[in-house]
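Please look through the model below slowly, from one end of the chain to the other. The paragraphs that follow begin with the whole chain and then turn to a few residues and their surroundings.

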Amino acid sequence: MISSAARAAASQLFSSEFRSVFVKTLGLTLLALAALWFAIEGLFEWLAWPWIDAWLPGLPSWAGWLGFIVAGIGLALGLALLIAPVTAIIAGLFLDDVAEVVERTDYPNDPPGRAMPALRSMVLAIRFFGVVILGNIVALLLLLVPGINIAAFFIVNGYLLGREFFEFAAMRFRPEAEARALRKKHAVTVFLAGLVVAAFLAVPLLNLLTPLFAAAMMVHLHKAISAREAA
C-alpha cells in the first residue's frame with residue numbers, strides 16, 4: 001500500500017491537474033522565504049553586528065567582509081531549517097485542493113470528500129506549522145546525541161508528518177475522532193508512510209513540495225486502508 005501510494009503521489013506532482021495548486025504553493029513559499037531572508041538579515045545587522053563591532057573594536061576591513069560571509073552562511077542554514085515549516089503552513093491552505101484533484105482523477109466513482117471550512121483549514125495549517133517546527137527542533141537536538149543522529153530526523157518527522165497528513169486525508173470522509181482512531185489502528189503503516197514523507201523532506205529543493213506530496217500520498221493510503229477495512 002505504501003509504495004503504491006508513494007508512486008501515485010509522485011507521478012501526480014507535476015501533472016497538469018496539479019499545476020494550479022503547485023504554482024500557488026511554490027510561488028507563495030518562495031515569496032515567504034525571500035521575506036524571511038531579508039527580515040533575518042535586517043535583524044542581524046540591527047542587533048548582532050553592532051554588538052560584535054563594540055566587542056571587537058578596530059576590526060580591519062577584511063574582517064567585516066569575513067563576518068558578513070559567515071553571517072550569510074548562518075542565514076542560509078537558518079533559512080534551510082525554515083523551509084519545511086514555511087512550506088507546511090502555506091501548503092496547509094491548499095491541502096483540500098490537492099485531495100480534490102487526487103479524488104477526482106483517481107477515484108471518480110467514489111463519493112467525494114468534504115472540504116474543510118476556511119477557519120478549520122487555517123487551524124490545520126497552523127497545526128502543521130507547529131508540528132513541523134517541533135519535529136525539526138527535536139530532531140536538531142537529537143542530532144547532537146551520539147548513536148542516533150540522522151535517524152532522529154526520520155523517526156521524529158516520520159511519526160509527526162505521517163500522523164498529521166493521514167488524519168487530514170481521513171477527516172475529509174470521517175469525523176475527527178474516527179479519523180484519529182483509524183490512524184491509531186494502522187499506526188505502523190502510517191508511521192512507515194511518514195518515513196517516506198520524511199525522506200522526501202530531506203531532499204533539498206524537492207522538500208518545497210513535501211506537503212503536496214504528503215497530502216496526495218495520504219489520500220491514496222487512506223483510500224487503500226478504507227477499502228481493506230470494508231473488505
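The secondary structure of this chain amounts to nine helices and zero strands, where helices (H or I, at least four residues) and strands (E, at least two) are DSSP runs numbered from the N terminus. Read from the N terminus on, the elements therefore follow one another as α-α-α-α-α-α-α-α-α. The model is a predicted one, in which local features need pLDDT of at least 70 and side-chain atom pairs count only at pLDDT 80 or more, while totals for chains, interfaces and linings use all residues. Residues are numbered from 1 along each chain as its sequence is written, and side-chain values use heavy atoms, with hydrogens and water left out.

Of the 231 residues in the chain, 42% are buried; buried means under 20% relative accessible area, exposed means over 50%, and partly exposed lies in between (1.4 Å probe, protein chains only). The accessible surface of the chain comes to about 12100 Å², and 73% of this surface belongs to carbon and sulfur atoms; such areas come from the Shrake-Rupley method with a 1.4 Å probe, and for residues only the protein chains shown count as cover. Among the contacts (heavy atoms within 4.5 Å) between residues at least 6 apart in sequence, 79% join residues at least 24 apart.

An unreviewed UniProt entry carries the annotation "transmembrane region" for residues 21-40, 65-95, 124-144, 150-166 and 187-209; positions are given in the numbering used here, feature names are shortened, and annotations may be inferred rather than shown by experiment. Within the model, residues 150-166 are 100% helix and 0% strand, with their end C-alpha atoms 24 Å apart. For residues 187-209 the end C-alpha atoms also lie 24 Å apart, and this span is 65% helix and 0% strand.

Now turn to glutamate 103, which is found in helix 4 (residues 95-106). Is this residue buried or exposed? Glutamate 103 counts as buried because its relative accessibility is 5%. Its side chain is joined to that of arginine 172 by a polar contact of 2.8 Å, a polar contact being a pair of N or O atoms within 3.5 Å; within protein, one must be able to donate a hydrogen and the other to accept it, and residues adjacent in sequence count only if both atoms are side-chain atoms. Not counting residues up to four places away in sequence, glutamate 103 touches residues including Phe173, Val219 and Lys223. The charged end of lysine 223, in turn, sits over the ring of tyrosine 107, 5.2 Å from its centre; this requires NZ of Lys or CZ of Arg within 6 Å of the ring centre and within 35 degrees of the ring normal.

Histidine 222 has its place in helix 9, and it counts as buried because its relative accessibility is 4%. Leaving aside neighbours within four places in sequence, histidine 222 is in contact with Phe166, Ala169, Ala170, Phe173, Arg174 and Leu182.

Arginine 183 lies in helix 7 (residues 176-185) and is likewise buried, because its relative accessible area is 10%. Arginine 183 and glutamate 167 are 16 residues apart in sequence, yet 6.7 Å apart in space, C-alpha to C-alpha. With neighbours within four places in sequence left aside, the contacts of arginine 183 are Tyr159, Arg163, Phe166, Glu167 and Val190.
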